[in-house]
Amino acid sequence: MADALSEISLTRRTVLQVSGGAAALAVLPEVVGSAYAQAPTEGARDAVEVSFTVNGTATDLRVDPRLSVLDMLRERLSLTGTKKGCNQGACGACTVLIDGKRVNACLALAVMYDGATITTIEGVADGETLHPLQAAFIEHDAFQCGYCTSGQIMSGLGCIREGHASSAEEISYWMSGNICRCGAYPGIVAAVAQAAKEDRT
Amino acid sequence: MRPFEFQRATSESEAIAAAAAGARYLAGGTTLVDLMREEVETPEKVVDINRLPLNYIRATDEAIVIGALARMSEVAANQDVRRLQPLIPETLTEGASPQLRNVASIGGNLLQRVRCPYFRMLDAACNKRVPGSGCSAIGGLNAGHAILGTSEHCAATHPSDLAVSLVALDATLLLKGPRGERAIPVTDLFRLPEATPHLEHTLEPGELIAEIRIPNGPYARKARYLKVRDRSSYEFALVSAAAALHIEDGLVKEARIAAGGVGTRPWRMNAVEAALLGKPASRISYEAAAAVSTEGTRPLSGNGYKVKLLPATIVRALEMAGEVA
């Protein structure tokens, strides 16, 4: 069974769905089918050649036009630090920088961004040294469950770069595209404020 | 998401030919990709127009001209726009989220689809999604719906903030299509639902919004956008108002007012404007004029509060506009 699972390269999401108990095994084929529908893969009809620079590394791919940048990062490039929350542009968990600007990767089709430079949470630290914003998130306890955190940090980088981090009120407004269901907002705002201050000095 | 054929247009004529043959234009994709994933929209072919040279902002003494592919955040941050048309950056920054504003185009903003929940619910009746299937909102949950311009077939509000301010400012659109170019007032882009709510705009098959022209009227600098909503940012309007005033010697010489969140299209308030002409720029005048805004409103079971909120929002927006130095 374990071999069969690895052969069809299940996503963590799918594993979570099927690991609920023995009854789940009966629905496995259907679950696998839906995983493919969400993440169209190589060899699909009308595949398009695209190339990206992801976290400094050049990458060439053939993609189904339906493939989002989010699914490309997670399913094709194994960069699972970027999270899938709502998958409809409402929660911000999938925020990445494309050509330096923060965007929702779930609403970005990979084919639209051919040639772009993408930075994900995996590309933020300098080797083993955390980026000042990452360190500030730890210092200010800016998360509980952590699911929204990579999106919050990528959005925070954009917020600082855009010059919208001069006060707590301004940060709250300009970070409103990132939802935190644990309610860690005070810590998030404090972390972004601290990193913005360090950025200026 | 259903499979579709993808084409990346390298020229306007190529894009227009593809769209005239049935392809959907793809700009920022923040509405279209979402609706395609939900299978509310199921185009067989999509033409990506992002490589077309339509991302520009030009300022002259007469007008601001914005290419349709300029992004919301770019327009909001542009110094000429901020100086000559401050209503536009304020309106844009009140809409969507920073991530969405970095991607969503100005042309696409005007063509975004409604936010009525039944429109996105494939098993609910919706005349806009499936003509003739009925309207789930009119007898259902309709607290966010329109009180102006509704029909028995649809009561969804137009969701764009930008469209409200463009309608107030008498902006025009340059359209390019298979039969050439034409210019129309922004207000003429939007249809009332009447018996055909699935027809939302007046673009001809293949027609592309190329640019938006906003005249620099004498009222343009004394202009504000007020958006009332359930949370303080990143939310659609319950009621919004764009107000622009030209005041001389303490009297209103010209007024431009439009409202959002209340109409099935952005709603210009001509009667309120007329009631303000020649009146002192004061709260008393604003209240008297705004009272006219509720004429013809037809509330549904859940949105009667908008009949009170609409004039109150207009009064406050006028006060804000009047206070601009």
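Q: What counts as a helix or a strand here?
A: Helices (H or I, at least four residues) and strands (E, at least two) are DSSP runs, numbered from the N terminus. In this predicted model, local features need pLDDT of at least 70 and side-chain atom pairs count only at pLDDT 80 or more, while totals for chains, interfaces and linings use all residues. Residues are numbered from 1 along each chain as its sequence is written, chains are lettered from A and ligands numbered from 1 in the order in which they are written, and side-chain values use heavy atoms, with hydrogens and water left out.

Q: Where is A:Val111 found?
A: Look at the loop between β4 (101-104) and β5 (117-119) of chain A.

Q: Is A:Val111 buried or exposed?
A: Buried means under 20% relative accessible area, exposed over 50%, and partly exposed in between (1.4 Å probe, protein chains only). A:Val111 has a relative accessible area of 0%, so it is buried.

Q: Which residues does A:Val111 touch?
A: Contact means heavy atoms within 4.5 Å. Leaving aside residues up to four places away in sequence, A:Val111 touches A:Val48, A:Val50, A:Val63, A:Pro65, B:Phe6, B:Arg8 and B:Asp48.

Q: How many disulfides does the structure hold?
A: A disulfide is a pair of cysteine sulfur atoms within 2.5 Å. Over all chains there are zero. A:Cys91, for instance, is in none, and the nearest cysteine sulfur, that of A:Cys86, is 3.8 Å away. A:Cys91 is buried at 17% relative accessible area. The sulfur of A:Cys145 lies 3.7 Å from the closest cysteine sulfur, in A:Cys182, which is too far for a bond. A:Cys145 counts as exposed, at 60% relative accessibility.
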